[in-house]
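Subject: Structure handover and notes

Dear colleague,

I am passing on the structure that we spoke about, and my notes follow below it. Please read them with the model open beside you.

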Amino acid sequence: MTTALSSLHKSRQIIDKALTFPMGKITARYIRDHEVPQGVASEHELELRRYLAVCAIYPEESFGMAGIVDELWHTFVIHTREYARFCEVVAGHFMHHVPKDPIGPPETKPGGAYRNFLEKYQETFGHEAPKHIWPTLVAVQKDGLDCSCSDSACNCTFCGGGGDD
């Protein structure tokens, strides 16, 4: 098997494991704590699984996190046994949640780690990350991660509607 085919096969295995890992307890807690409808929580769960799969596929790279999916990741992380088991099954090692240090040195490239995630997401899944869940780079570079939707009828799960008002 060539290296490229082997790498593709390994990536597919990681994605399959991430997508099938049982997370019912975590999602139920997220729904309860954040008063999120089941359909929205399911979308967030899928995107968290994809984010963590990208992290597992490219363990030597740094990926930024932005938007509402981070809240679900926080819920997952506090379920330490389940999260550690997910990491072992999917990545073969623990994947730390490392928040951005607001007083640390600024990144040399604004949004660099998050931009890297968005690029690898598209490369891995064959389409862009859903904009109604993952904020744009413009939004990430603002204080407060405001939605940068220009559509006044926006009803994304990130901003809840109304665009940049």
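E35 lies in the loop between α2 and α3, where helices (H or I, at least four residues) and strands (E, at least two) are DSSP runs numbered from the N terminus. Please bear in mind that this is a predicted model, in which local features need pLDDT of at least 70 and side-chain atom pairs count only at pLDDT 80 or more, while totals for chains, interfaces and linings use all residues. Residues are numbered from 1 along each chain as its sequence is written, and side-chain values use heavy atoms, with hydrogens and water left out.

E35 has a positive phi of about 50° although it is not a glycine. As background, most residues other than glycine have a negative phi. E35 is also exposed, because its relative accessible area is 72%; here buried means under 20% relative accessible area, exposed over 50% and partly exposed in between, with a 1.4 Å probe and protein chains only.

For the chain as a whole, the secondary structure comes to seven helices and zero strands, and buried residues make up 39% of the 165 residues. Among contacts (heavy atoms within 4.5 Å) between residues at least 6 apart in sequence, 60% join residues at least 24 apart.

Which residues of α2 are buried? In this helix, which spans residues 24–34, they are I26, T27 and Y30. These residues lie on the same side of α2, because they cover an arc of only 95° around the axis, the arc being that of the directions from the helix axis to the C-beta atoms. On the other side of α2, G24, K25 and R32 are exposed. What covers the buried residues of α2 includes α3 (38–57), α4 (69–78) and α5 (80–90).

The packing of α2 with α4 can be described in more detail. The two helices pack at an angle of about 125°, with their axes 9 Å apart; axes are lines fitted to C-alpha atoms, for helices over the stretch in contact, and angles run from 0 to 180 degrees between N-to-C directions. That angle makes α2 oblique to α4, given that angles under 35 degrees count as roughly parallel, over 145 as roughly antiparallel, 65 to 115 as roughly perpendicular and the rest as oblique.

In this contact, I26, R29, Y30 and H34 of α2 meet E71, L72, T75, F76 and I78 of α4. The residues of the contact divide into five nonpolar, two polar and two charged, where Ala, Val, Leu, Ile, Met, Phe, Trp, Tyr, Cys and Pro count as nonpolar, Asp, Glu, Lys and Arg as charged, and the others, Gly among them, as polar.

T75 lies in helix α4 and counts as buried because its relative accessibility is 6%. Leaving aside its neighbours within four places in sequence, T75 is in contact with I26, R29, Y30 and H34.

P130 is placed in the loop between α6 (112–125) and α7 (137–141), and it counts as buried because its relative accessibility is 18%. With neighbours within four places in sequence set aside, P130 is in contact with E47 and Y121. The C-alpha atoms of P130 and E47 are separated by 8.7 Å, although the two are 83 residues apart along the chain.
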